[in-house]
Amino acid sequence: MSQDEKGISKTAIWVAAARAVGARDPDPAVRNPDDLAEALLGAPAQLGLDHPVVDALAMSYEAAMQEIEVASMVRAMTERTRFIDQALERAVADGITQCLIVGAGFDSHAYRFQELLRHTRVYELDRPRTSAFKQHRVAAALGGPPPNLTYVAADLERETLADALARHGYDPSRRTFIIMEGVTMYVQEEPLCATFRFFAAHAPGSSIVFDFATRAMIDGMKTLDLEKIPPMARPPFERILKLIEHEPWVFGIPLDTEKEFFSGLGLQLREILTIGSEESVGRYLTRSDGTTMGAAAHERAEAFRRMVQRQMTAAMDPAQRGQAEAAMREQARQNAYRIAEAVSTA
Ligand SMILES: C[S@@+](CC[C@H](N)C(=O)[O-])C[C@H]1O[C@@H](n2cnc3c(N)ncnc32)[C@H](O)[C@@H]1O
């Protein structure tokens, strides 16, 4: 039986595989620090996910990073992991005593930071089947969880986070660091807002890191018409649609409205960073010689995108082409994907 048939999150496998590939970079200045992702995933053939990022695990790092789909995921996940790791280290220095990881998948913070978190209670929440598989992999790869870790099996669309955690002795009056990585896009607005309100009600000094897509990006995926994409550019879109078939992207925030959105839920953004932006690439993906992780594939991806655009507008007259190109530029601007850290305003 494949992981899919077992109901284990495919997207959790996808992102962990990208971290595992990024952890192989020889340069510590850009390497993904998740050196447990590969062990937590186990044998790639057993994962039941047909995707270039999983195939990359059986290739040399150099060869894998020539693949555009691999390099783009590895770059994005490296930015994500390093942003979150830094926030976690700051939170521990600031005196948290509790850490909550929502939609944990193959998250490795409880294990990689076991020593740093030794005085911190850690909770990992995920849907029951994904949580059970994770526990099985932790036992196989690491010999079991650290003593300060509690697994919580719950579906945020079926019960509130507060209720699920209350069963396990979780205490929101403790100063807490919350990680919700790669999750907001999968949860409907109402339960997601209830989740953020619960975060906002935590003890002063608590903070949360999470990433989110713009509404335009989510709507673009929902209405994606493969027929309108030139055949040579279709396979990555076909693969992503297949990947999220049972885990649809449903939630996004209108571009540049996140400040108001989260203040309405009692949270103030401390930092916000666009994944793939100059700032983020400079911070997390740039080597000491100025080159960036996966640069060759990234440049080919950009060249390919420009070629596809030229093909799509080739038959248009100049005025139509100008309009179409402006619309594509605006769509690219709207398709932002961001990561943020927020604190409660209460
Ligand atoms: C893309 S994966 C991210 C996993 C992990 N946070 C990471 O970044 O490696 C999305 C995760 O969110 C979990 N998830 C999605 N919707 C959920 C829900 N309604 N309740 C609980 N977990 C959910 C999935 O099971 C999956 O593990």
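I take helices (H or I, at least four residues) and strands (E, at least two) as DSSP runs, numbered from the N terminus. I looked up Glu-341 with that in hand and found it in strand E7 (residues 337-344). The model I am reading is predicted: local features need pLDDT of at least 70, side-chain atom pairs count only at pLDDT 80 or more, and totals for chains, interfaces and linings use all residues. I number residues from 1 along each chain as its sequence is written.

**Entry: Glu-341**

I call a residue buried if 20 or more other C-beta atoms lie within 10 Å of its own, exposed if 12 or fewer, and partly exposed in between, with C-beta atoms placed from the backbone. Glu-341 counts as buried because it has 21 C-beta neighbours inside 10 Å. I then listed its contacts, two residues being in contact if their C-beta atoms, placed from the backbone, lie within 7 Å. Leaving aside neighbours within four places in sequence, Glu-341 is in contact with Ala-87, Ser-207, Val-209, Arg-270 and Glu-271. I also checked Ile-272, which is 69 residues from Glu-341 in sequence but 6.6 Å away in space, C-alpha to C-alpha.

**Entry: the sheet**

I count two strands as paired if DSSP finds at least two bridges between them. Strands of a sheet pair through backbone hydrogen bonds, either parallel or antiparallel. Here I find an open sheet of 7 strands with mixed pairing, in the order E3-E2-E1-E4-E5-E7-E6. Strand E3 (149-153) and strand E6 (267-274) are the edge strands, each pairing on one side only. From one strand to the next the twist averages 20 degrees.

Helix H9 (residues 189-200) packs on this sheet and touches strand E4 (176-180), strand E5 (207-213), E6 and E7. I note that the direction of H9 makes about 115 degrees with that of E6. For such angles, axes are lines fitted to C-alpha atoms, for helices over the stretch in contact, and angles run from 0 to 180 degrees between N-to-C directions.

I went through the pairs next. Strand E2 (residues 121-126) runs parallel to E3, with 5 bridges between them, and Leu-125 stands opposite Val-152 in E3. E5 and E7 are antiparallel and are joined by 7 bridges; Asp-211 has Ile-339 in E7 as its bridge partner. E6 and E7 are likewise antiparallel, with 7 bridges, and Leu-269 stands opposite Ala-342 in E7.

**Entry: strand E4**

How many residues of E4 are buried? I find 5 of its 5, so described as mostly covered by the buried cut-off. Thr-176, Ile-178 and Met-180 are buried on one side, and Phe-177 and Ile-179 are buried on the other. Strand E1 (residues 98-102) pairs with E4 in the parallel sense over 4 bridges, where Cys-99 has Phe-177 as its bridge partner. E4 and E5 also run parallel, joined by 4 bridges. In that pair Phe-177 stands opposite Ser-207 in E5.

**Entry: the ligand shell**

I take a residue as near a molecule or strand if its C-beta atom, placed from the backbone, lies within 6 Å of it. There are 21 residues around the ligand, and Ser-9, Thr-11, Gly-103, Gly-105 and Gly-182 come nearest. Helix H1 (residues 10-22) gives the largest share of the shell, 4 residues. The shell divides into 9 nonpolar, 6 polar and 6 charged residues. In this count Ala, Val, Leu, Ile, Met, Phe, Trp, Tyr, Cys and Pro are nonpolar, Asp, Glu, Lys and Arg are charged, and the others, Gly among them, are polar.

**Entry: the loop between H11 and H12**

Asp-256 lies in the loop between helix H11 (234-243) and helix H12 (258-263). I read its phi as near 65 degrees, a positive value in a residue other than glycine. Asp-256 counts as exposed because it has 12 C-beta neighbours inside 10 Å.

Leu-255 is in the loop between H11 and H12 too. With 15 C-beta neighbours inside 10 Å, Leu-255 counts as partly exposed. Leaving aside neighbours within four places in sequence, Leu-255 is in contact with Thr-214, Ala-216, Gln-334 and Ala-336.
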